[in-house]
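Please look over the chain shown below, together with its fold. The report that follows goes through selected strands, annotated positions and a helix pair in turn.

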Amino acid sequence: MTVIVPNVAGTHTSSRLIPYWFKHYVLRQKDGNPNEHTKHYNFNTPRDMKGLLPPAYDEATHYQRALEQLRTKVSPLEKYIFLSQLKDANVRVFYRLCAEHLAEITPLIYTPTVGDACLNYSHIYSRPEGLYISIQDMGKIGEILQHWPHAEEARIAVVTDGSRILGLGDLGVNGMPISIGKLSLYVAGAGIRPSSTLPICLDLGTNNEKFLDDPLYLGLRQKRVSDEEMAEFMNEFMKEMTARFPKLLVQFEDFSTDNAFKYLDLYRNKYPAFNDDIQGTGAVVLSGFINAAKLHSIASGLPLSEQRILFFGAGSAGVGVAKQLLTFFKLEGLTEDEARERIWLVDSQGLVYDERGKLPEHKKYFSRKDYTGPPIKKLIDVIDYVKPTALLGLSTVKDAFDEGVVKRMAELNPRPIIFPLSNPVRLAEVEFKSAVEWTDGKVIFASGSPFYPIVHDGKTLYAGQGNNMYIFPGLGLGSILAKASSVTDSMVEAASLGLADSLTKDEEDDGLVYPRIERIREISVQIAFDVIRAAQDDGVSCNASLKDKSDEDLREWVVSKMWNA
Ligand SMILES: O=C([O-])CC(=O)C(=O)O
Ligand SMILES: [Mg+2]
């Protein structure tokens, strides 16, 4: 019997909260500048609030009140709107709520609900929360960046062009909530100061006809610009960003495949920048895979180096993850060519191999040379040919891992590794419940979006969440603290290995491949530490004062730099 266990969050907190919101409210009324709120993040308990607060007002109770109110909302989107307003009204209460109830709040401010927020952004929009830079701003981007207050505090920008939001496609300017959501996790998960975060949505047009026809659509009513125009825009944008925000790290988010690779390659050695979908997702999957392969090996006796990984989906995320997984085999002593041999890609036309015909650039590296027969189109047939130990989905094709596919994986492996990584949850290649049932509980599972735990034959099974949210907060924190001039491959790899290493005994006993999300801050400290050391080894850390710190001192120093609500 299989039962879904709802995620029941605890309700207790005894921590005191500062009612800064009142001061914030009063100040905002005075100046009325919509961006002004960002400067009110550092508050002391305002003494002048006496008489303005109800007699029995208690900071801790107020926090519980917010939680209670949240739970009266029915739909996830309503909850998202409530939380968004709470953040605006009272940033500390919002982040305290996140800190204390992360497992409950994360799916509401981030994947999967943030996907609904993006789809509906032009209808649920209520206030500015970041920067919108459009193609029409070309030539004066520098001027527009001046409008962001407190440039000296800016440390991390999440920049999207809305062209491939999660698995939802081109959402144009409606992509803004993904930048906002990621940055909320930077604060909640890594203690970045809220005023140091900068959400940016670039509006280069959209090819989404539905939005172009929507009278409330908030973006430019035009098709996406040409590659040449975009390249010119991006060059000006990055140049002006560095001039205006010299201490800023840029996280590229949800650019369409080709542009994701193109702009990462173009800027990664020039600016402190990384691409979350290529490098962040790659790192998080490598990490979960390391732990999954250990579990597989215990059950199968197969040496780790003999894992055979089949990727279903060969976009930016798929190829990014595949490249990162080369590290897994290299750590087992294989050469790069040997490592590449252990990985197969499947795209919409089936197995990716040289003889199939012309391939886009990013698929060529993994294209098989050892198969020359007719195209193998169906996934189940590719599985029969490859005999994979692991099946990873980054396709956004819902239910692509059907009963036949999953059962075949279970016939080939005592404990098959199945990672449906597409986001949001309704695009997952297979649901956790089905994967458990079809493998009789044997599956080693991680998904991009969260699934509830499942009780199978009296045992509670947990779905790992192979989402880059475990990586980017710590990778960003480490890069910022190291004052890294660029984000190197070793830094990304360090983040991944740090995460893999972070499982507690209790988590291992529960068969987890990722730590529990409630420990994200602790994990971010470890990742940031590893990232700083990697930056130093690569000679890209410009923070000379960290060089002589002992490991213990460096860890303590990282913790001391984290913001708390
Ligand atoms: O946002 C997420 O949940 C993970 C991610 O980067 C994506 O799917 O593009
Ligand atoms: Mg993304």
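Which residue in β5 stands opposite Thr 160? In this predicted model, the residue opposite Thr 160 is Glu 253 of β5.

## The parallel sheet

Thr 160 and Glu 253 face one another where strand β3, residues 156–160, is joined to strand β5, residues 249–253, by five bridges, the two strands running parallel. Both strands belong to an open sheet of five strands, whose order is β2-β4-β3-β5-β6 and whose pairing is parallel. Its edges are formed by β2 (131–134) and β6 (273–275), each of which pairs on one side only, and the twist from one strand to the next averages 25°. As a general point, strands of a sheet pair through backbone hydrogen bonds, in either the parallel or the antiparallel sense.

## Positions annotated as a binding site

An unreviewed UniProt entry lists Arg 164, Asn 423 and Asn 467 under "binding site", and these annotations may be inferred rather than shown by experiment. Arg 164 lies in the loop between β3 and α9 (176–190). Is Arg 164 buried or exposed? Arg 164 counts as buried because 24 other C-beta atoms lie within 10 Å, where the cut-off for a buried residue is 20 or more. Once its neighbours within four places in sequence are left aside, Arg 164 is in contact with Gly 169 and Asp 170, and also with Asp 254, Phe 255, Ser 256 and Thr 257.

Asn 423 is found in another part of the chain, in the loop between β11 (417–420) and α19 (432–438). Asn 423 is likewise buried, because 27 other C-beta atoms lie within 10 Å. With its neighbours within four places in sequence again left aside, Asn 423 is in contact with Thr 111, Pro 112 and Gly 115, with Leu 166 and Gly 167, and with Gly 448 and Ser 449.

## Strand β8 and its partners

Strand β8, residues 343–347, is mostly covered, since four of its five residues are buried. How many bridges pair strand β7 with β8? Strand β7 (residues 309–312) and β8 pair over four bridges in the parallel sense, and Phe 311 stands opposite Leu 345 of β8.

The pairing of β8 with strand β9 (residues 350–351) is antiparallel and comprises two bridges. Here Asp 347 has Gly 350 of β9 as its bridge partner, and β8 and β9 form a hairpin with two residues between them.

## The annotated domain and a helix pair

In the unreviewed UniProt entry, the annotation "domain: Malic enzyme NAD-binding" covers residues 278–536.

Helix α13 (residues 276–300) packs with helix α21 (residues 489–500) at an angle of about 35°, the axes being 8 Å apart, and the crossing of α13 and α21 is right-handed. On the α13 side the residues that meet α21 are Gln 279, Ala 283, Val 284, Leu 286, Ser 287, Ile 290 and Asn 291, while α21 contributes Val 492, Ala 495, Ser 496, Leu 499 and Ala 500. By class, the contact of α13 with α21 has eight nonpolar and four polar residues, with no charged residues.

Key:
Residues are numbered from 1 along each chain as its sequence is written. Chains are lettered from A and ligands numbered from 1 in the order in which they are written. This is a predicted model: local features need pLDDT of at least 70, side-chain atom pairs count only at pLDDT 80 or more; totals for chains, interfaces and linings use all residues. Two strands pair if DSSP finds at least two bridges between them. Axes are lines fitted to C-alpha atoms, for helices over the stretch in contact, and angles run from 0 to 180 degrees between N-to-C directions. A residue is buried if 20 or more other C-beta atoms lie within 10 Å of its own, exposed if 12 or fewer, and partly exposed in between; C-beta atoms are placed from the backbone. Two residues are in contact if their C-beta atoms, placed from the backbone, lie within 7 Å. A crossing is left-handed if the near helix is turned anticlockwise from the far one by less than a right angle, and right-handed if clockwise. Ala, Val, Leu, Ile, Met, Phe, Trp, Tyr, Cys and Pro count as nonpolar, Asp, Glu, Lys and Arg as charged, and the others, Gly among them, as polar.
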